[in-house]
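Visitor: Hello! Could you walk me through this chain, one question at a time?

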Amino acid sequence: LLADPWAVLSPGFWLSFGAVALIFYVTANRIGKTNWLQEYGKVQWAMTIGLIPPLLALFQQLSLVSPIANAFAIPLVSFVVVPLTLLGTLPPFEWMLYLAHQTMALCMWLLEALNSLPLAVWTQHAPTQSSIVLGVLGAAWILAPRGFPLRWLGVILLLPMFLITRTTPAENTARIIVFDV
């Protein structure tokens, strides 16, 4: 924020902020120990469900392949590309930068292959503000801790974002809003 104070207005900032909040929501102060793979799956589930309302509100799109993409891209970048890049900054290991680049190129090729699938992205109308609020509540309900009553009912709160459309002007008419600034 010091380098770019306007960052608070960008969608990426708020999506990142929301993603971190979701990680805390599904992992912090939970009873019971899970292994790392279950924890990773829980976080990916939270990203998939919890980011539906903001993604539809901001872009009117959802990636249907993002869980698959994240399943390989996050570990690959975290455990291969970043360490190779850091080691490549040391004088005797510059050649590791080439390996990091090749690994990232492979990752990008796989991501592009996923993106080219026919049903990779869900595109729809812009949801109404009230349906976005209901969607956020529904996502929080679905992602509530185990033992929370009737978590599946959160899906019902997500449905208005998909089903309720904004009213459109009648044929051969226009609705124009002029802001006096």
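Visitor: Where in the chain is asparagine 172 found?
Guide: Happy to start there, and please keep in mind that this is a predicted model. Asparagine 172 has a positive phi of about 65 degrees although it is not a glycine. As for its place, asparagine 172 lies in the segment after α7.

Visitor: Is asparagine 172 buried or exposed?
Guide: The cut-off for exposed is over 50% relative accessible area. Asparagine 172 has a relative accessible area of 79%, so this residue is exposed.

Visitor: Which loop holds leucine 150?
Guide: Leucine 150 is another residue to look at for its backbone: it has a positive phi of about 50 degrees although it is not a glycine. Its place is the loop between α6 and α7 (154–163).

Visitor: How many helices and strands are in the chain, and in what order do the elements run?
Guide: The chain has 7 helices and 2 strands. Read from the N terminus on, the order of these elements is α-α-α-β-α-α-β-α-α.

Visitor: What percentage of the residues count as buried?
Guide: Buried means under 20% relative accessible area. Of the 181 residues of the chain, the share that counts as buried is 24%.

Visitor: Why is α1 called oblique to α2?
Guide: Helix α1 (residues 11–27) and α2 pack with their axes 9 Å apart, at an angle of about 130 degrees. That angle makes α1 oblique to α2. The crossing of the two is right-handed.

Visitor: Which residues make the contact of α1 with α2?
Guide: From α2 come Glu39, Lys42, Val43, Ala46, Met47 and Gly50. By class, the contact of α1 with α2 has 7 nonpolar, 2 polar and 2 charged residues. On the α1 side, the residues are Ala19, Leu22, Ile23, Val26 and Thr27.

Visitor: Which residues does leucine 51 touch?
Guide: Leucine 51 sits in the loop between α2 and α3 (52–59). At 14% relative accessibility, leucine 51 counts as buried. Leaving out residues up to four places away in sequence, leucine 51 touches Leu15, Ala19, Leu22 and Ala46.

Visitor: How does α2 pack with α4, and what is the handedness of their crossing?
Guide: Helix α2 (residues 36–50) and helix α4 (residues 66–88) have axes 10 Å apart and an angle of about 130 degrees. That makes α2 oblique to α4. Their crossing is right-handed.

Visitor: How many charged residues does the contact of α2 with α4 have?
Guide: The contact is made by Tyr40, Gln44 and Thr48 of α2, together with Pro67, Asn70, Ala71, Ile74 and Pro75 of α4. By class, the contact of α2 with α4 has 5 nonpolar and 3 polar residues, and the number of charged ones is none.

Visitor: One last stop: which residues does threonine 128 touch?
Guide: Threonine 128 lies in the loop between β2 (121–123) and α6 (129–142). With a relative accessible area of 14%, threonine 128 is buried. Not counting residues up to four places away in sequence, threonine 128 touches Ile164 and Arg166.

Definitions and conventions:
Residues numbered from 1 in each chain as written. Predicted model: local features only at pLDDT ≥ 70, side-chain atom pairs only at ≥ 80, totals over all residues. Heavy atoms only, no water. Axes fitted to C-alpha atoms, helices over the stretch in contact; angles between N-to-C directions. Helix = DSSP H or I, 4+ residues; strand = E, 2+ residues; numbered from the N terminus. Parallel < 35°, antiparallel > 145°, perpendicular 65-115°, else oblique. Left-handed = near helix turned anticlockwise from the far one by under 90°. Contact = heavy atoms within 4.5 Å. Nonpolar A, V, L, I, M, F, W, Y, C, P; charged D, E, K, R; others polar. Buried < 20%, exposed > 50% of the residue type's maximum accessible area, 1.4 Å probe, protein only.
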